[in-house]
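This report describes selected packing features of one protein chain. The sequence and structure are shown first.

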Amino acid sequence: MIRIRASSADLADKCPASQLRGATIEGRRIVHVDQRSPESAMGNAVHDLLAAHIDPSHRGVPEYSVVRASHGLPDIADDLEYLFEAGCKLFDARRDDFVDPMVEVPLITDGNAVRLVGRADVVSIVPPVVRIGDHKSGRVARDHSCQMKSYGKMALDYAPDCDTVESSIWWLRDGREERHTFSRYEIDMWFAQFEQRQVDNRGNYGPGPDCSWCSRRTGCDARREWIDEALSIVPRYEISMGTDPAVLAPLIAEWYDRKRAVEKELVEQSTRIREWIQENGPLPMGDDRMLDVQHSVNRAIDPLKAWDTLVDAFEGDYRSLAACIKIRNGKLQDEIMARTPTGEKKAVYLAVIGHLRAIGALTEDHGNISLRARKRKESDDSSRPALDAAD
Ligand code: SF4
């Protein structure tokens with residue numbers, strides 16, 4: 001039986017070999033690295049606080065300092081409070097749907113060849129729907145579709161009276177909810193295919209940007225080769241200004257993947273160097289310079305709590321105060337959507353934007369065109385003009 005954690009399901013889907021453990025490959029022992037990091041400690045601390053907030057049977061939310069201490073975090077101003085408050089807000093907006101919520105629910109399901117295991121942050125069962133909530137505290141939004149389907153598979157087995165699973169990913173840093181709904185049939189079809197791929201491709205490597213989440217990454221030759229190739233980022237392809245865009249598009253996508261790999265590798269290696277210097281002192285750089293660490297403080301100001309103090313400090317000069325504040329349109333949109341009844345959301349948002357435009361409070365740049373990959377639709381016309389015709 002191949003054991004796969006729901007949180008590793010996306011990685012397993014891309015690289016089945018990532019799930020090999022305790023074995024040898026071509027005579028080499030598979031080494032797993034400790035995945036604990038300050039970011040994961042912060043994530044665990046936030047999860048503890050949110051579990052206490054959500055669980056109706058819990059006797060209150062513990063002090064921040066107690067939670068920091070229990071996760072080995074320094075007791076200083078950090079993201080904990082902000083992430084916890086964002087998580088509370090996201091859950092409270094859905095509290096009516098998550099009836100009798102259960103927190104930190106251990107789940108397990110056996111297929112023919114794959115055993116799924118995991119711990120869902122929040123589960124609520126109201127037949128015919130089982131709801132799952134998952135808090136994400138990381139900075140990078142990734143595709144978690146296999147993880148959420150894995151939870152869905154396990155939750156539907158846990159709740160046999162249900163035939164639909166609704167999963168919510170709560171992105172704490174953005175204050176945003178991502179929601180997916182699957183029928184039992186869709187989940188079973190997905191699991192059958194996922195399981196078959198794991199069996200058919202057992203031991204096959206699929207290196208890519210997601211390697212940075214893999215516990216095997218430090219000793220993996222497939223990743224090493226992929227990084228080596230990514231480092232030669234300037235192409236081995238013949239590209240000129242006349243290259244057909246249809247040929248160019250997949251190459252550009254590959255370059256972006258390679259660029260992400262190089263950036264991740266730089267971050268990872270820089271972290272190693274920083275930790276080494278913190279322990280052992282500055283490192284010579286090969287010229288007359290030394291590489292040392294520099295301590296800096298990131299400050300975030302809560303506008304609501306800071307408001308009166310800042311008004312006092314600016315002696316009521318709101319014009320100067322306004323220049324210090326940036327209102328993020330995406331966040332504004334999320335907030336309006338969250339507080340407006342279904343069916344009125346878009347109209348209310350557009351009315352607010354229209355009013356801001358009318359009073360001259362809005363700057364709009366329509367010249368911003370970017371590339372975005374989306375799924376092909378049947379309506380997409382495959383016949384396109386040749387590059388020459390466009391010239
Ligand atoms: S490091 Fe990458 S290629 Fe190697 S096993 Fe992990 S996911 Fe697969």
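## Basis and contacts of L172

Two residues are in contact if their C-beta atoms, placed from the backbone, lie within 7 Å. By this criterion L172 touches V46, L83, A86, G87, H135, K136 and S137, with residues up to four places away in sequence not counted.

The model is predicted: local features need pLDDT of at least 70, side-chain atom pairs count only at pLDDT 80 or more, and totals for chains, interfaces and linings use all residues. Residues are numbered from 1 along each chain as its sequence is written.

## Setting of L172

L172 sits in the loop between β7 (164-171) and β8 (176-183); helices (H or I, at least four residues) and strands (E, at least two) are DSSP runs numbered from the N terminus. L172 counts as buried because it has 23 C-beta neighbours inside 10 Å (buried: 20 or more other C-beta atoms within 10 Å of its own, placed from the backbone; exposed: 12 or fewer; partly exposed: in between). L90 is 82 residues from L172 in sequence, with a C-alpha to C-alpha separation of 8.0 Å.

Beyond its neighbours within four places in sequence, Y151 is in contact with A6, L107, G118, A120, I132 and S167.
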